[in-house]
Amino acid sequence: RHLKQVILVLLMCFCCGAVCLWKSSSPAAVRLASAITNPLDDPTFATRRPIWDIGWELFTRSPVIGHGYQSYQRLHPQYVAEHKAEMDLRYPGYETSVKQAHNLVLGRLVETGVPGAAAFFLFYCGAIAAAWRGPRENRWLLAPLVFYLGMNMFDDGLFRMNDAFILFVAGTALGFAARPASGKDGS
């Protein structure tokens, strides 16, 4: 029953998105269509490839403890300066100054290493599971959590303080899951 509901919602989202893309010629719609139809040559992916490669290299330098909160902003230009000739050859026109890893997973790995990233995703996936299994009236919490996770495969929203709201949504989902069900004793 749940699978049918999920498939129906995804199908409706796909149809609505396809109609919007088909009817719109805005730059955002053209870019989204490009990302869907030809992802490997799309500018969004092409500009992030060097960022992700540098992020992976930075992670491998300190996989256990990471480099610290918002360290990517400091480490990216250092890496680019150290590997300028290689970067110029592999990625012509790459960005030399980047604030974040443009990937939620990679950002946590660079900042906190494997243990910190695992702890974060245990918390986050626990919140998704709690929202999915929680009371029906609180299942709306699942939508922003899943959307945020998907969107942040190409961004790292936790770099921006105004995106920290998602941690409150996750905490709310976990709080509702921990709340005892009302029983016959009147609670």
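This is a predicted model: local features need pLDDT of at least 70, side-chain atom pairs count only at pLDDT 80 or more; totals for chains, interfaces and linings use all residues.
Residues are numbered from 1 along each chain as its sequence is written, and side-chain values use heavy atoms, with hydrogens and water left out.

Student: Which residues of helix 7 are buried?
Tutor: Buried means under 20% relative accessible area, exposed over 50% and partly exposed in between, with a 1.4 Å probe and protein chains only. Helices are DSSP runs of H or I with at least four residues, numbered from the N terminus. In helix 7, residues 142-151, the buried residues are Leu142, Leu145 and Tyr148.

Student: Within what arc do the buried residues of helix 7 fall, seen down its axis?
Tutor: An α-helix has 3.6 residues a turn, so residues three or four places apart point the same way. The arc is taken from the directions from the helix axis to the C-beta atoms. The buried residues of helix 7 line one face of the helix, because they fall within an arc of 145°.

Student: Which helices do the buried residues of helix 7 pack against?
Tutor: Contact means heavy atoms within 4.5 Å. The face turned away from the buried side of helix 7 carries the exposed residues Ala143 and Phe147. The buried residues of helix 7 pack against helix 6 (104-133) and helix 8 (165-178).

Student: Is Glu111 buried or exposed?
Tutor: Glu111 lies in helix 6, and, leaving aside neighbours within four places in sequence, Glu111 is in contact with residues including Ile65, His67 and Tyr69. With a relative accessible area of 9%, Glu111 is buried.

Student: How many salt bridges does a search of the whole structure find?
Tutor: A salt bridge is a side-chain nitrogen of Lys or Arg within 4 Å of a carboxyl oxygen of Asp or Glu. One of them joins Arg160 and Asp155, whose closest N and O atoms are 2.9 Å apart. The search of the whole structure finds 8 salt bridges.

Student: How many residues apart are Arg90 and Asp53?
Tutor: Arg90 forms a salt bridge with Asp53, the closest N and O atoms being 3.2 Å apart. This pair links distant parts of the chain, with Arg90 in helix 5 (residues 84-90) and Asp53 in helix 3 (residues 43-61), and the two are 37 residues apart.
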